[in-house]
Amino acid sequence: MARSGSSQRWLAEHFRDEYVLKAKREGYRSRAVYKLMELNERDHFLKSGQRVVDLGAAPGGWTQYAAQVIGDKGHIFALDLLPMDHFAHTTVIQGDFSSNSVLADLTARLENAPVDLVISDMAPNMSGVESVDIPRAMYLAELALDFCHQMLKPEGAFVTKLFQGIGFDAYMKLARVAFKEVSVRKPKASRPRSKEVYLVAQGHRVV
């Protein structure tokens, strides 16, 4: 089946993308790693020795970088519906992170202790219809915020992808209730025309 003109243009742009080429040179799983790097260089939420959960982790770019930062005294729990290779200091749990079975598995591995940081670069499979895609993406972000309420320690941090549009302002209000410091960032590696931004929230308030 022939690809559409828009698909062909996207592929051509993707393989010329400076961050795609850089990721290949430097051995990272995806170009998205440079978004996390820039966010962390600015806001310093990743630290040595942390226990971190990466939601929607596949193909593993964020997990790969986070594992390097936290070092051998920390641990990453990478959750995704898709299978993913392991990195050092990483446990991969395949399944829906919002399901009771996956939460029970994670809680057991954590020995009922909360985590220091939750990160998420999740997005749904995009249809190209903004009125459909953005609400679906924001729903995933809402699930990630709910996850923080269950698994994140007091004063912990949360970094997640958001999309500007329907539901964005309401989400920000919830985030400001849940965290003491909330910022919205647009990393250089995020394509300029994309409505994606990243929430960096620190100082988790436990109600």
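The loop between β1 and α4 (61–70) contains P59, and a cis peptide bond, with omega of about 5°, joins A58 to P59. The model is a predicted one. Eight salt bridges are present in the structure, and its largest nonpolar core has 37 residues. Helices α5 and α6 pack against each other at an angle of about 40°.

**Backbone features in loops**

- The peptide bond between A58 and P59 is cis.
- H44, in the loop between α3 and β1, is not a glycine but has a positive phi of about 55°.
- E111 is found in the loop between α5 and β4, and its phi is also positive, near 55°, in a residue other than glycine.
- With a relative accessible area of 68%, E111 is exposed, because the cut-off for that class is over 50%.

**Salt bridges**

- D43 and R185 form a salt bridge through their side chains, with an N to O distance of 2.8 Å. D43 belongs to helix α3 (residues 33–43) and R185 to strand β6 (residues 179–185), so this pair ties together parts that lie 142 residues apart in sequence. D43 and R185 are both buried.
- K161 and D121 form another salt bridge, at 3.4 Å from N to O. K161 is in strand β5 (residues 152–163), whereas D121 is in the loop between β4 (115–120) and α6, so the parts tied together here are 40 residues apart in sequence. K161 is buried, and D121 is buried too.
- K161 and D121 also belong to a network of salt bridges that includes K35 and E196.
- E155 and K180 meet in a salt bridge of 2.5 Å, N to O. This pair links distant parts of the chain, with E155 in strand β5 and K180 in strand β6, 25 residues apart.
- The relative accessible area of E155 is 46%, so E155 counts as partly exposed, the class between under 20% and over 50%. K180, at 48% relative accessibility, is partly exposed as well.

**Packing of α5 and α6**

- Helix α5 covers residues 100–109 and helix α6 covers residues 130–151; their axes are 12 Å apart. The crossing of the two helices is right-handed.
- The contact is made by L103, L106 and T107 on the α5 side and by F147, Q150 and M151 on the α6 side. Four of these residues are nonpolar, two are polar and none is charged.

**Nonpolar cores**

- Within the largest core of 37 residues, those with the most contacts are L55, L79, L106, F147, F158 and L162. Two of them, L106 and F147, also take part in the contact of α5 with α6.
- At least two residues of this core come from each of β1 (51–55), β2 (75–80), α5, β4, α6, β5, α7 (168–178) and β7 (196–204). Helix α6 gives the largest share, 11 residues.
- Apart from its neighbours within four places in sequence, L79 is in contact with V53, D54, L55, G56, A57, I93, F97, V102 and L106.

Key
Residues are numbered from 1 along each chain as its sequence is written. This is a predicted model: local features need pLDDT of at least 70, side-chain atom pairs count only at pLDDT 80 or more; totals for chains, interfaces and linings use all residues. Side-chain values use heavy atoms; hydrogens and water are left out. Axes are lines fitted to C-alpha atoms, for helices over the stretch in contact, and angles run from 0 to 180 degrees between N-to-C directions. Helices (H or I, at least four residues) and strands (E, at least two) are DSSP runs, numbered from the N terminus. A crossing is left-handed if the near helix is turned anticlockwise from the far one by less than a right angle, and right-handed if clockwise. Contact means heavy atoms within 4.5 Å. Ala, Val, Leu, Ile, Met, Phe, Trp, Tyr, Cys and Pro count as nonpolar, Asp, Glu, Lys and Arg as charged, and the others, Gly among them, as polar. A salt bridge is a side-chain nitrogen of Lys or Arg within 4 Å of a carboxyl oxygen of Asp or Glu. Buried means under 20% relative accessible area, exposed over 50%, partly exposed in between (1.4 Å probe, protein chains only). A nonpolar core is a set of buried Ala, Val, Leu, Ile, Met, Phe, Trp, Tyr and Cys residues joined through side-chain atoms within 4.5 Å.
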